[in-house]
Amino acid sequence: MLKVFLVEDETVIREGLRDRIPWEQYGYRFVGEAADGEVALPLIRKTRPDVLITDIKMPFMDGLSLSRIVREEFPKTKILIISGYDDFEYAREAISIGVDQYILKPVTRMSLRKVLQELKEKIEAEQEQEDFQSKLANEMHEYEQFSICLLYTSPSPRDRQK
């Protein structure tokens with residue numbers, strides 16, 4: 001089950017998303033929430049979510065600043081920004097940070113479900129790729145060790161002629 005963390009300063013929206021989204025049905029476990037990025041950051045460091053959902057405009061530390069820090073510290077964490085601002089500059093900056101998804105408020109269950117499913121598929125594909133690369137590296141290491149063993153245990157061509 002993937003872990004999700006929510007950062008939203010509007011209490012009604014935060015509680016609505018927390019309580020009305022069937023997280024488990026979507027393959028997620030809700031691991032925490034905060035009203036702004038400043039409060040969220042230590043909790044994110046502790047819970048290490050797979051997905052961060054954050055509002056863009058909040059007091060103290062906004063979603064873009066939080067996203068920058070999370071992207072740097074936890075590059076595998078997928079970031080979904082929800083925003084009430086249909087402003088190209090916010091979207092452009094989010095893209096430059098490496099945010100994975102950007103959706104506008106009001107967030108519907110259907111739109112959030114679609115985005116969560118896409119993020120889940122992306123995480124699973126990346127994990128499969130990592131597993132494959134790890135397996136390949138292990139096999140190459142075993143082959144190298146086997147080759148070295150053969151090199152030291154095989155008779156040399158000169159020994160074979162005797």
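Q: In which sense do strand 4 and strand 5 pair, and over how many bridges?
A: In this predicted model, strand 4 covers residues 78–83, and strand 5 covers residues 101–104. Within this pairing, Leu80 stands opposite Gln101 of strand 5. The two strands run in the parallel sense, and their pairing extends over 4 bridges.

Q: Which strands form the edges of the sheet?
A: The sheet is open and has 5 strands with parallel pairing, in the order 2-1-3-4-5. On average, neighbouring strands are turned by 20° against each other, with direction ignored. An edge strand pairs on one side only, and this applies to strand 2 (28–34) and strand 5 (101–104).

Q: What angle does the direction of helix 1 make with that of strand 2?
A: Helix 1, residues 11–20, packs on the sheet. The strands that helix 1 touches are strand 1 (2–7), strand 2 and strand 4. The angle between the direction of helix 1 and that of strand 2 is about 160°.

Q: What pattern does the protein chain follow along the sequence?
A: The protein chain holds 6 helices and 5 strands. Read along the sequence, these elements give the pattern β-α-β-α-β-α-β-α-β-α-α.

Q: What share of contacts between residues at least 6 apart in sequence joins residues at least 24 apart?
A: The protein chain has 162 residues, of which 35% are buried. Among its contacts between residues at least 6 apart in sequence, the share that joins residues at least 24 apart is 66%.

Q: Which helix gives the largest share of the lining of the largest pocket?
A: The largest pocket holds about 250 Å³ of space. Its lining includes Arg48, Asp50, Phe74, Lys78, Ile123 and Glu130. By class, the lining has 4 nonpolar, 2 polar and 6 charged residues. The largest share, 4 residues, comes from helix 5 (residues 109–153).

Q: Where is the residue Arg48, which has a positive phi although it is not a glycine?
A: The phi of Arg48 is about 50°. Arg48 is also one of the residues lining the largest pocket. Its place is in the loop between helix 2 (37–47) and strand 3 (51–55).

Q: Is Phe60 buried or exposed?
A: Phe60 is in the loop between strand 3 and helix 3 (63–73). Its phi is positive, near 70°, in a residue other than glycine. Because its relative accessible area of 68% is over the 50% cut-off, Phe60 is classed as exposed.

Q: Is Met61 buried or exposed?
A: Met61 is found in the loop between strand 3 and helix 3. Leaving aside neighbours within four places in sequence, Met61 is in contact with Asp36, Gly37, Glu38, Leu41, Leu66 and Ile69. Because its relative accessible area of 15% is under the 20% cut-off, Met61 is classed as buried.

Q: What distance separates the C-alpha atoms of Met61 and Asp36?
A: Asp36 is among the residues in contact with Met61. Along the chain, Met61 and Asp36 are 25 residues apart. Their C-alpha atoms are separated by 6.1 Å.

Technical notes. Residues are numbered from 1 along each chain as its sequence is written. This is a predicted model: local features need pLDDT of at least 70, side-chain atom pairs count only at pLDDT 80 or more; totals for chains, interfaces and linings use all residues. Side-chain values use heavy atoms; hydrogens and water are left out. Two strands pair if DSSP finds at least two bridges between them. Axes are lines fitted to C-alpha atoms, for helices over the stretch in contact, and angles run from 0 to 180 degrees between N-to-C directions. Contact means heavy atoms within 4.5 Å. On a 1 Å grid over the protein atoms alone, a cavity is a set of points where a 1.4 Å probe fits but cannot get out, and a pocket is an open set with protein on both sides within 12 Å along at least five of seven lines; lining residues have an atom within 4 Å of a point. Grid points are joined across faces, edges and corners, and a volume is the space filled by probe spheres set on the points. Ala, Val, Leu, Ile, Met, Phe, Trp, Tyr, Cys and Pro count as nonpolar, Asp, Glu, Lys and Arg as charged, and the others, Gly among them, as polar. Buried means under 20% relative accessible area, exposed over 50%, partly exposed in between (1.4 Å probe, protein chains only).
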